[in-house]
Amino acid sequence: MPTHYPAEFLNPANFRLAWERVIRGSNSQYKAFFSYLFPSYEFAHQTILRDLITEIRLGIYQPSAAVTVFIPKPSRILRPITLLSLNDQVVYQAIANVIANKFYPSLRRYYRVSTFGALYAGRNSQFFYRPWKQDYRAFNGAVSRAHADGNNILADFDLVSFFDLIDHQVLRGVLARRVKSGELLDLLVDCLGHWTQGGPNVRKRGHGIPQGPEPSAFLAEVFLHEFDTAKYGRVKYLRYVDDIKLLGKTFAAVRRALLRLDLHSKSLGLVPQAQKIEIKRVEDIEDELRNLPSSIAGLGSPTGSRPLSKSTKRRLERILKAALGRVKGEVVVKDETRLKFALYRLPSSARVLKLIHTLFRARPDLSGVLGHYASGFASNLRCAEILHNALKADPVFDAAAGDYVLALDRSVTCPPKTSPVKT
């Protein structure tokens, strides 16, 4: 039966923009799963998008079942990444475009004032978000300024499995404040139900948004907007996605602000991570800040940029060495952010490989950056042996094994030592 969606949603220009934003997104780790499909989709995108719009208009579009892959964290707990088909990614982005345009006027007044993550770039941009590196630097700068103003009592507020616990009906209610099309919201909730189902034999859970696609971060921003509009007295509230910092002049004021956040969390069905929430007096704010968050240190990193100067290589090697240490003779990572920053930029080098070779087996949570670095070697026997040994060690995490297999396949496969058979 034909359906009636807002004209701006089913407009071909909106779907073309959605496709552009999918391929231009800064979520490079996520896009790596699909990049081999991009050229074919781009070649036929006009026909594909037209058919997709027709299916939605006729009410016969069905979201595909998602595939979940699990990426190890440093704690060895798994981070789920939800792989959507390209058609579903385009539909998700097309819905998000409409939602973003509706919410942008109310959100932007807080941009780089109290909120700093997943900032919408505007309806005319080919990118969905503003540059995240600038936003994170602005977040750190705002924290530093607040501390310099005498707010030396700091609390970090964290949420348990934030993306996984967002209730679909609560989210629908939040979105309905600006999005008046019930059909569009029903389509979104139906898609989220399919994409977070967890498997063909698992019933729809009714909560969670897929981690990986860019629109999810914007939905999370809208969901937490109630946090941003709350009153915290004289306490400075600053948020980067779900990383929330409260800075005040007294412990009592910061505790009251934490209680307000706790109550808002419960009203949205979210769970504060009690063991990570602490209030402390901070004398040196730089000790509390990092230049880049570890989880996104590799986003947008150069892959095939112009050759680095010798001085730049030396600087990156110094950063890498500073990120490493030794405990009982074993190489350990002291600073994941610096390690990722350096390895995503350094060219292949036997000297660097010697520094990090034990990490391939010891740190499966770093397989993405380690595999990326190994991919830069051309037919290097030592690098191939390191990857092969990591695979022979029977890695617990399939994601890590996959990263190493891809590294072998891309660049380090060595030619066979045996001579070809003569015929």
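1. Contact here means heavy atoms within 4.5 Å. Helices (H or I, at least four residues) and strands (E, at least two) are DSSP runs, numbered from the N terminus.

2. A word on the source: this is a predicted model, where local features need pLDDT of at least 70 and side-chain atom pairs count only at pLDDT 80 or more, while totals for chains, interfaces and linings use all residues. Residues are numbered from 1 along each chain as its sequence is written, and side-chain values use heavy atoms, with hydrogens and water left out.

3. Back to α14 itself. The buried residues are Leu316, Glu317, Ile319, Leu320 and Ala323.

4. Now the whole chain. It has 20 helices and eight strands, and 49% of its 423 residues count as buried. Among contacts with a separation of 6 or more, 73% come from residues 24 or more positions apart.

5. On to the cores. A nonpolar core is a set of buried Ala, Val, Leu, Ile, Met, Phe, Trp, Tyr and Cys residues joined through side-chain atoms within 4.5 Å. The largest has 80 residues, and Phe9, Phe15, Phe218 and Phe227 touch the most other members. Helix α6 (residues 86–107) gives the most to this core, with 13 residues. Apart from it lies another core of 31 residues, with Val352, Val369, Ala374 and Ile386 among them.

6. Phe227 deserves a click in the viewer. Not counting residues up to four places away in sequence, Phe227 touches Phe157, Leu159, Tyr232, Tyr237, Ile244, Leu261, His264, Ser265 and Leu268.

7. One of those partners is Ser265, which sits in helix α13 (residues 251–267). Why does Ser265 count as buried? Because its relative accessibility is 0%. The Ser265 side chain reaches the backbone oxygen of Leu261 at 2.8 Å. Leaving aside neighbours within four places in sequence, Ser265 is in contact with Phe157, Leu159, Phe227, Leu270 and Pro272.

How values were computed: Buried < 20%, exposed > 50% of the residue type's maximum accessible area, 1.4 Å probe, protein only. Polar contact = N/O pair within 3.5 Å; in protein donor to acceptor, adjacent residues only side chain to side chain.
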